[in-house]
Amino acid sequence: MSGHVGIVLVSHSARLAEGLRELLGELASDGVRVVVAAGAEDGGLGTSYELIAGAIAEADGGAGVVVLPDLGSSVLTAVTVLEDEPRPGVELVDAPFVEGAVAAAVTASTGAGLAEVVAAAEDARTFRKLG
């Protein structure tokens, strides 16, 4: 494997996911592929099997891919894509959307492997914002 672990942001809202990708672009190195699979294919709110499958392929640079869904049907659709089209090195992560994505991107920037990036995203669940 080579390169950095890629990240796929799966959301009901393209604007939400694009904003998060913008934030990650400031925090992570340019070597981390952050791909958005958000909204319905018509541009409205929703989730799309085809957008998720395409984003996974685009994010895969050979070091693995972390898929971070926001909630509800984005999780179900991502699960379906991964069941229908299994790919080695692709992990669906149960983590907070924003905090998990930040932790994953920063960790991926260090050249960490897939298991470390997944763990960082999942550990974001315990981050406290206030003392």
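Student: Is Glu 99 buried or exposed, or partly exposed?

Tutor: Buried means under 20% relative accessible area, exposed over 50%, and partly exposed in between (1.4 Å probe, protein chains only). Glu 99 is partly exposed because its relative accessible area is 22%. This is a predicted model, in which local features need pLDDT of at least 70, side-chain atom pairs count only at pLDDT 80 or more, and totals for chains, interfaces and linings use all residues. Residues are numbered from 1 along each chain as its sequence is written, and side-chain values use heavy atoms, with hydrogens and water left out.

Student: With which residue does Glu 99 form a salt bridge?

Tutor: A salt bridge is a side-chain nitrogen of Lys or Arg within 4 Å of a carboxyl oxygen of Asp or Glu. Lys 129 is the partner of Glu 99, with the closest N and O atoms 2.9 Å apart. The two residues link distant parts of the chain, 30 residues apart: Lys 129 follows helix H5 (114-123), while Glu 99 belongs to helix H4. Helices are DSSP runs of H or I with at least four residues, numbered from the N terminus. Lys 129 is exposed, since its relative accessible area is 70%.

Student: How many salt bridges are there by this rule?

Tutor: The count is four. Among them, Arg 21 pairs with Glu 18 at 2.6 Å between the closest N and O atoms. Both lie in helix H1, three residues apart, about one turn of the helix.

Student: Which residues of H1 meet H4?

Tutor: Contact means heavy atoms within 4.5 Å. Leu 16, Leu 20, Leu 23, Leu 24 and Leu 27 of H1 meet residues of H4, including Phe 97 and Val 98.
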